[in-house]
Amino acid sequence: MPERRYKLLFVITHMLFIIVRLVYGQRYKRSHATTQINRVTTQEKVLLGGVAVSYFVPNGFWLFSNRLKFAQLGLRPWMRLSGFFISLASIGFFAWVHKTLGDNWSPTLEIRNQHELIEDGPYATVRHPMYTAIYGYYIGLIPLMNNWFPGLMALLGFTALYVGRVDHEEQLMREQFGAAYEEYAQRTGRLLPRWQPRE
Ligand code: SAH
């Protein structure tokens, strides 16, 4: 398959990802659920900027230049297509997570009025399925692009945000939901389901 077809597949997955975000971003803006507590810090803003740069810049180089040749992998077409399907499935999962979280979603750390603790759908086993979906999307890009550089950069940028955010997010949920969140956290994993229930 010619390289430009893989580029098209990447553009398609990228567009789908952006469309899901835009749809729910619009819903967030129009929602009657207003923000009650907002924990956006400067650190969070910097890290969000880092996510954008680490995603867009290397992907742009891969799409529009030959500079990333040093990181090329030499994968077979079926492997590259598997990467495409991993990213696609992750975006499907991402949409499902958004749908389940509904009006409780926000782009940064917030408590909305009438914020509910969601414990069903993907949230029944995992506390941060949206972050899992984003990881899955980036991981799939590595074989799809047949190049480790853009995917790795995106993973590093997102991991910085994840590490800087996840404890604060869980702290915020604990403050809001108390024992209910403690109990919920006992039986769920952070990014993947628990292997076995905690004692
Ligand atoms: N970390 C989650 C949600 C990301 S959106 C995930 O990866 O799926 C971020 C917002 O979701 C936070 O402001 C937090 O208030 C809210 N949130 C996180 N987990 C939640 C849950 N189980 N129920 C309701 N809201 C939740």
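Helices (H or I, at least four residues) and strands (E, at least two residues) are DSSP runs numbered from the N terminus. The model shown is predicted, so that local features need pLDDT of at least 70 and side-chain atom pairs count only at pLDDT 80 or more, while totals for chains, interfaces and linings use all residues. Residues are numbered from 1 along each chain as its sequence is written.

**View 1. Gln114 in the loop between E2 and H4.** Gln114, a residue other than glycine, has a positive phi, near 55°. With 11 C-beta neighbours inside 10 Å, Gln114 counts as exposed (buried means 20 or more other C-beta atoms within 10 Å of a residue's own, exposed 12 or fewer, and partly exposed in between, with C-beta atoms placed from the backbone).

**View 2. Helix H4, residues 129–145.** At 1.5 Å a residue, taken times one less than the number of residues, the 17 residues of H4 should span 24 Å, and the end C-alpha atoms are 24 Å apart, which agrees. Because 14 of its 17 residues are buried, H4 is largely enclosed by the rest of the structure.

**View 3. Asn146 in the loop between H4 and H5.** Asn146, which follows H4, is not a glycine, yet its phi is positive, about 60°. Asn146 is partly exposed, with 19 other C-beta atoms within 10 Å.

**View 4. The shell around the ligand.** Of the 16 residues around the ligand, Asn104, Ile118, His128, Met130 and Tyr131 come nearest (near means a C-beta atom, placed from the backbone, within 6 Å). Strand E2 (110–112), H4 and helix H5 (148–177) each supply at least two residues of this shell, and the largest share, three residues, comes from H4.
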